[in-house]
Amino acid sequence: MSEQTKTGFFQRLKQGLSKTTKEFTDKIDTLISGYGKIDEAFYDELEEILITADLGFDITMELIESLREKVKEVKTDDPHQVKVLLKELIINILSTGNRELQVEPPPAVVLVVGVNGVGKTTTIGKLAHYFKQQHKEVMLAAGDTFRAGAIDQLEVWGQRNQVPVIRHQEGSDPAAVIFDAIHSAKARNCEILICDTAGRLHNKKNLMNELGKIFRVVDREYPEARKEVLLVLDATTGQNALQQAKVFGEVAQLTGIVLTKLDGTAKGGIVLAITKSMGTPVKMIGVGEQLEDLQPFDPSSFAEALLGDTNETRIADDIKI
Amino acid sequence: MIFEGLSEKLQNTLSKLKSKGKLTEKDVKEAMREVKLALLEADVNFKVVKDFIKRVSDRAVGDEVMESLTPGQHVIKIVNEELTALMGSSQSKLTFSSKPPTIYMMVGLQGSGKTTTCGKLAKHLKKQQKSPLLVACDIYRPAAIQQLKTVGGQVDVPVFSMGDGTSPVHISKAAVEHANRQGLDTVIIDTAGRLHIDELLMEELQQIKAAVKPQEILLVVDSMTGQDAVNVAEQFHEQIGIDGVILTKLDGDTRGGAALSVRAVTQKPIKFAGIGEKIDEFEPFHPDRMASRILGMGDMLSLIEKAQSNIDLKKAQELEKKMRTQQFTFDDFLDQLQQMKNMGPLSQVLQMIPGMGGKQLKNLEVDDRELVHIEAIIQSMTREERSNPGLINGSRRKRIAIGSGTSIQQVNKLLKQFEQTRKMMKQFMDMEKGMKKGGRFKMPFPGM
């Protein structure tokens with residue numbers, strides 16, 4: 001199991017790193033020094049790398065600008081050094097805020113929000129596992145009463161993790177589900193209650209009202225609980241993710257982001273723009289389909305992966321030539 | 001609106017061009033920078049953008065400005081033509097196999113909306129007098145089968161499933177036999193969504209393909225996908241070979257640049273677009289119209305088509321006549337409201353009207369529930385008041401407010417809105433006249 005599960009992000013990250021550090025070091029050196037000095041073409045290429053990682057145009061330009069200043073400041077013309085500087089800039093942005101999940105001391109409520117199809121329900125399953133590993137008493141609330149099959153899906157995750165799932169019927173009032181779940185959690189002395197919610201962007205007003213009601217219920221019925229509101233984002237999403245964060249940020253006090261589906265080729269660079277503009281930290285990342293594939297976010301590895309692959313493609317190009 | 005941001009930006013840039021009169025190389029370069037930015041913001045893939053910009057620049061700088069056009073119009077013409085070329089010029093329909101059942105296989109990433117799309121496609125086929133069968137081949141995601149069953153129930157289409165213990169290849173074969181026995185003429189296979197770099201999944205899809213020989217393999221793509229859309233499309237196309245694309249979640253604030261990217265790498269047509277989460281929010285994709293939509297030309301054709309399927313044609317003709325002669329009354333307004341309700345969310349309908357793509361719409365928050373109040377207010381008016389709103393003075397307003405259970409402010413607001421609507425319709429009609437006279441490129445920028 002553990003062998004298999006590690007073929008995700010970190011494994012590939014490590015592979016990428018070992019490639020870049022060992023065998024290919026010489027080649028990168030020659031390639032990068034091929035640029036001789038840091039010229040416009042070099043910056044253009046950096047720009048391309050950042051944009052194809054979904055950072056978005058604005059933040060890419062900002063980064064490149066800051067980088068130019070830094071380069072002047074440090075007075076370097078070594079492209080290697082420049083990459084390190086860029087990485088630092090990225091890590092700096094991503095290190096905003098508190099990246100720990102605030103669930104101590106119990107009880108705690110974790111509300112999971114996001115649009116359709118980003119992997120909310122799956123993330124909840126993995127979160128439950130994550131907390132169970134830490135020997136916590138977990139309970140799930142099936143607050144997505146809207147999407148067909150959502151409740152059953154959560155139920156399956158509950159069974160896999162052997163944690164109770166509080167559910168009502170499809171189409172029932174989600175706030176009522178949460179209400180029941182809170183009282184059930186109190187009665188059973190549950191430490192962490194994780195709540196699923198329906199994903200919707202389309203009808204903003206309904207979404208707002210529904211979520212708003214859920215938050216009011218939580219505040220009123222469970223004032224003593226620590227609250228985490230996690231926005232789940234799909235790494236394959238482009239610039240629209242920023243919009244998603246803003247819309248949900250209007251309704252809810254978002255405390256963190258979970259970035260899912262990082263095991264594909266998408267890099268999820270849009271979180272930079274979100275963290276920068278909203279100050280919401282990325283707390284967890286989803287790197288695969290197994291229960292274990294939800295891990296705490298590490299800005300340094302993320303930045304490395306963002307820029308890391310570029311080495312490989314450049315090398316690949318170099319070899320082709 | 002789908003390309004709202006993009007059209008707005010393009011309009012800004014291109015109107016800058018127009019004010020300069022003559023088109024120089026520097027102008028083109030500057031304009032192209034804005035075009036590039038706008039496309040990137042809309043999540044069009046970097047390489048696709050680069051190619052596009054290069055093509056347009058090459059043509060724009062090298063091209064002689066046609067005598068009948070201003071330089072600005074000329075650039076718009078080129079951008080429009082190249083965008084159209086990129087999106088494909090004509091609408092691509094679903095094909096049917098000569099020997100039923102016709103099999104459609106739906107593939108795509110997790111969370112792209114495959115299962116929902118299966119239901120929407122089934123409903124679409126049903127409308128065309130077909131009898132579809134939905135097949136649950138996603139045996140991996142918890143409750144995926146249940147979801148398809150629910151969706152099938154919503155559209156009243158049978159769902160074939162064998163639980164999650166049978167191999168999808170076996171299920172799909174059995175499903176086709178089942179369809180044959182039951183005399184069902186179309187089969188829609190919902191496959192498991194995983195990552196495009198998942199070799200096992202790709203193999204499974206290849207096996208299903210070999211087993212049932214689908215008429216079409218349709219790739220379902222989330223229109224919010226970013227730069228990675230290119231990789232996804234490339235992988236699926238290379239490994240399984242796709243025949244068409246269905247874009248999902250083209251509602252809300254999605255700019256949908258992925259549409260351009262996917263089209264550019266696969267050269268396969270986008271056949272449908274899912275434009276909302278309701279089961280009938282699904283429509284054929286018109287690439288040519290999309291290109292003019294990008295340029296802020298609106299999407300009148302889509303609107304008309306949409307209206308046709310939902311609106312009483314005779315009433316619509318009457319209405320049009322009234323709009324022309326400006327005899328539009330509250331009765332018509334009410335009538336229209338009721339018909340619009342059948343067409344789906346109002347905001348969506350409004351987006352399709354030319355000239356409403358840009359800023360105007362942003363200030364116009366449309367809430368469907370407000371319609372209930374509006375209806376009540378109109379219904380509290382006398383017949384005379386409805387046909388001659390000028391009559392409505394202070395005491396009449398008060399009476400209407402009380403009668404409809406609203407406030408005088410709300411009544412005032414509606415009267416004001418009605419006046420605006422009338423004006424807008426007048427403009428709209430004038431615009432159309434202008435278009436007939438002056439050719440299509442005059443429309444978005446009347447000052448040119």
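# Briefing: cores, domains and chain contact

The largest nonpolar core holds 172 residues, and the members that touch the most others are L140(A), I178(A), L193(A), I194(A) and V135(B). The model is predicted. A second, separate core has nine residues, including F333(B), I377(B), I378(B) and I400(B).

**Inside chain A**

- Beyond residues up to four places away in sequence, I178(A) touches A141(A), G143(A), C195(A), I214(A), V217(A) and V218(A).
- V109(A) lies in strand β1 of chain A, which covers residues 108-113.
- Is V109(A) buried or exposed? V109(A) is buried because 23 other C-beta atoms lie within 10 Å, and the cut-off for a buried residue is 20 or more.
- The contacts of V109(A), leaving aside neighbours within four places in sequence, are L193(A), C195(A), V218(A), Y222(A), A225(A) and K227(A).
- V109(A) and I192(A) are 83 residues apart along the chain, yet their C-alpha atoms are separated by 5.8 Å.

**Domains of chain A**

- The domain assignment divides chain A into domain 1, made of 2-97 + 303-320, and domain 2, which spans 108-296.
- In the contact between these domains, domain 1 of chain A contributes 17 residues and domain 2 of chain A contributes 23 residues.
- On the side of domain 1 that touches domain 2, the elements giving two or more residues are α2 (9-21), α6 (79-94) and α13 (299-320) of chain A.
- Which element supplies the largest share of that side of domain 1? The largest share comes from α6(A), with three residues.
- By residue class, this side of domain 1 of chain A consists of 11 nonpolar, five polar and one charged.

**Contact between chain A and chain B**

- How many residues does each chain bring to the contact? Chain A brings 29 residues and chain B brings 33 residues.
- On the side of chain A that touches chain B, at least two residues each are supplied by α4 (40-52), α8 (150-161) and α11 (240-251) of chain A.
- The element that gives the most to this side of chain A is α8(A), with four residues.
- The residues on the side of chain A that touches chain B comprise nine nonpolar, 14 polar and six charged.

Key:
Residues are numbered from 1 along each chain as its sequence is written. Chains are lettered from A and ligands numbered from 1 in the order in which they are written. This is a predicted model: local features need pLDDT of at least 70, side-chain atom pairs count only at pLDDT 80 or more; totals for chains, interfaces and linings use all residues. A nonpolar core is a set of buried Ala, Val, Leu, Ile, Met, Phe, Trp, Tyr and Cys residues joined through C-beta atoms within 7 Å. A residue is buried if 20 or more other C-beta atoms lie within 10 Å of its own, exposed if 12 or fewer, and partly exposed in between; C-beta atoms are placed from the backbone. Two residues are in contact if their C-beta atoms, placed from the backbone, lie within 7 Å. Ala, Val, Leu, Ile, Met, Phe, Trp, Tyr, Cys and Pro count as nonpolar, Asp, Glu, Lys and Arg as charged, and the others, Gly among them, as polar. Domain bounds come from an automatic or database domain assignment.
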